[in-house]
Amino acid sequence: MAKNTRKEASLWEMFAVFAKIGAFTIGGGYAMVPIIRDEVTRRGWIGNDEFPDILALAQTAPGLLAVNMSIFAGYRIRRFPGALIATLGSCLPPFLIILAIAMFFTNFQDNIWVNKAFMGIRPAVVALIAVPMVKMAREANKTWWAWLMTIAAMLLVAFLKVSPIYILLVTIVLALAVSLWADKRRKRNG
């Protein structure tokens, strides 16, 4: 698991960091992942090796990914108060922004410049999502079979529309089977 070299974070500092993330991330939960990762690992609050576990938990829990990421990361940093503060920090700015947009956007929704701005943002959001996923794959996949599983899962979801739930269940069963097989082999050989 993680080394005990984690830096202490104040609740106010956590709120400010997660509020900044919530205020300046366009594109939803997956766009927040790299920013949350960079912020919490750069500050030493969470180790690089812990972050994929937090992401996996956030993805498997019901609810919005951005909220789940805030909950799990905040909890890892400062337990329950951290989860509460991180979630409040990441949710409050977008809520206020959406409220303001809802109040004023109807006046601008047909504006060609507003539409072009939103069209221009889309490719940047795709890049913001893709880059950290590739980074995490490089860090997590140390063997050829891990790369094979990653690529197979990606292809199954992207092109064959297989539910990620089935992929996770099959992966868990395979991982347990390989572990048991390796343990038996080790015991038999020595």
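I call a crossing left-handed if the near helix is turned anticlockwise from the far one by less than a right angle, and right-handed if clockwise.

**Entry 1. Ground rules.** The model is predicted, so I hold local features to a pLDDT of at least 70 and side-chain atom pairs to 80 or more, while totals for chains, interfaces and linings use all residues. I number residues from 1 along each chain as its sequence is written, and side-chain values use heavy atoms, with hydrogens and water left out.

**Entry 2. Confidence.** I looked up pLDDT (the predictor's confidence in each residue, from 0 to 100). The chain has a mean of 85, and 96% of its residues reach 70 or more. Helices here are DSSP runs of H or I, at least four residues, numbered from the N terminus. Helix H5 (residues 112–140) has the lowest confidence, at a mean of 81. Helix H1 (residues 11–24) has the highest, at 91.

**Entry 3. Helix H1.** I checked its length against the expected span (1.5 Å times one less than the number of residues). The 14 residues of H1 should span 20 Å, and the end C-alpha atoms are 20 Å apart, which agrees. Next I listed what is buried (under 20% relative accessible area; exposed is over 50%, partly exposed in between; 1.4 Å probe, protein chains only). In H1 these are Met14, Phe15, Val17, Phe18, Ala19, Ile21 and Gly22. Their cover includes helix H2 (29–42) and helix H4 (65–104), with contact meaning heavy atoms within 4.5 Å.

**Entry 4. H2 against H3.** I took axes as lines fitted to C-alpha atoms, for helices over the stretch in contact, with angles from 0 to 180 degrees between N-to-C directions. H2 and helix H3 (residues 51–60) pack at about 150 degrees, their axes 11 Å apart. Their crossing is right-handed. H2 brings Tyr30, Val33, Ile36, Arg37 and Val40 to the contact, and H3 brings Phe51, Leu55 and Gln59.

**Entry 5. Positive phi.** Most residues other than glycine have a negative phi. I found that arginine 79 has a positive phi of about 60 degrees. Arginine 79 sits in helix H4 and is partly exposed, at 45% relative accessibility. Lysine 161 also has a positive phi, about 55 degrees. Lysine 161 is in the loop between helix H6 (144–159) and helix H7 (164–189). With a relative accessible area of 66%, lysine 161 is exposed.

**Entry 6. Asparagine 141.** I looked in the loop between H5 and H6, where asparagine 141 lies. Asparagine 141 is buried, with a relative accessible area of 11%. Not counting residues up to four places away in sequence, asparagine 141 touches Ala146, Trp147 and Thr150.

Note on methods:
Helices (H or I, at least four residues) and strands (E, at least two) are DSSP runs, numbered from the N terminus.
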